[in-house]
Amino acid sequence: MEELYKRVTEIFSKRHHIAHDIKHITRTAALARYIAGQEGYDEDEAEVAGILHDMGRTVQDEDKGHGPAGVPLARQLLDEYTNYDEIAKTRILSAVECHSYLNAIGELTHIVQDADMLDGLGAIGMMRAYTSKANSVDYNSDDIVPSVGKQNATINDQIVYQMEWFGLMHTKTAKKIATSRHDFMVGFFKEFNNEALGLDYKRKTPQL
Ligand SMILES: [Fe+2]
Ligand SMILES: [Fe+2]
């Protein structure tokens with residue numbers, strides 16, 4: 001596992017992937033391991049799947065299809081750095097391939113999805129939204145906290161979009177972790193709205 005992690009770190013260090021860097025990989029792999037332990041799944045297998053889940057990001061930039069795009073490289077790394085049999089490799093590669101599909105099936109895939117989505121919640125999730133959407137408009141004054149999330153709009157739209165992952169968790173363990181991370185974001189937006197509208201000091205000047 002250590003050698004695999006070293007090699008993956010090397011691959012990710014060749015190019016800077018905002019919000020999908022080796023730190024995202026490390027956090028996701030650790031979350032996947034923890035969730036697996038709590039849910040009675042093989043911890044090592046979940047961690048390996050977490051380490052490999054975004055290899056597609058190193059071969060292409062687009063969001064679209066980065067799961068399947070990472071399978072050949074993930075297969076190569078599994079062959080070179082692990083002793084898993086074909087059945088386990090198939091499970092891991094299926095998790096890599098399908099981790100960004102909403103209706104994906106399979107216990108390992110669900111664990112990786114939960115870990116990956118948890119990294120889009122809480123303070124870390126917000127930091128990732130701000131860094132990856134740094135060139136976007138921060139928020140619209142007439143819709144400060146949108147009720148429905150949207151990608152490629154304002155940063156607040158992006159954060160709400162990520163908050164919706166809270167409802168997509170598969171495992172009990174992830175739901176529990178997600179609850180406090182989601183609560184934090186709800187609190188952040190409450191404060192954001194108050195400050196933007198001057199409600200925290202009862203602004204007297206026109207708002208627009
Ligand atoms: Fe991904
Ligand atoms: Fe990811």
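**Exercise 1.** How many helices and strands are there in the protein?

*Solution.* This is a predicted model, in which local features need pLDDT of at least 70, side-chain atom pairs count only at pLDDT 80 or more, and totals for chains, interfaces and linings use all residues. Residues are numbered from 1 along each chain as its sequence is written, while chains are lettered from A and ligands numbered from 1 in the order in which they are written. Helices are DSSP runs (H or I, at least four residues), as are strands (E, at least two), numbered from the N terminus. The protein has 10 helices and 0 strands.

**Exercise 2.** Determine how helices H2 and H7 are oriented.

*Solution.* Step one: H2 covers residues 22-39 and H7 residues 107-118; their axes come within 8 Å and cross at roughly 130°. Axes are lines fitted to C-alpha atoms, for helices over the stretch in contact, with angles from 0 to 180 degrees between N-to-C directions.

Step two: angles under 35 degrees count as roughly parallel, over 145 as roughly antiparallel, 65 to 115 as roughly perpendicular and the rest as oblique. H2 and H7 are therefore oblique to each other.

**Exercise 3.** Identify the residues through which H2 meets H7.

*Solution.* From H2, Thr28, Leu31, Ala32, Ile35, Ala36 and Glu39 meet Ile111, Val112, Asp114, Ala115, Asp116 and Leu118 of H7. Contact requires C-beta atoms, placed from the backbone, within 7 Å.

**Exercise 4.** State what share of the protein is buried.

*Solution.* A residue is buried if 20 or more other C-beta atoms, placed from the backbone, lie within 10 Å of its own. Of the 208 residues in the protein, 37% are buried. The C-alpha trace spans about 70 × 35 × 30 Å along its principal axes.

Terms used: Two residues are in contact if their C-beta atoms, placed from the backbone, lie within 7 Å. A residue is buried if 20 or more other C-beta atoms lie within 10 Å of its own, exposed if 12 or fewer, and partly exposed in between; C-beta atoms are placed from the backbone.
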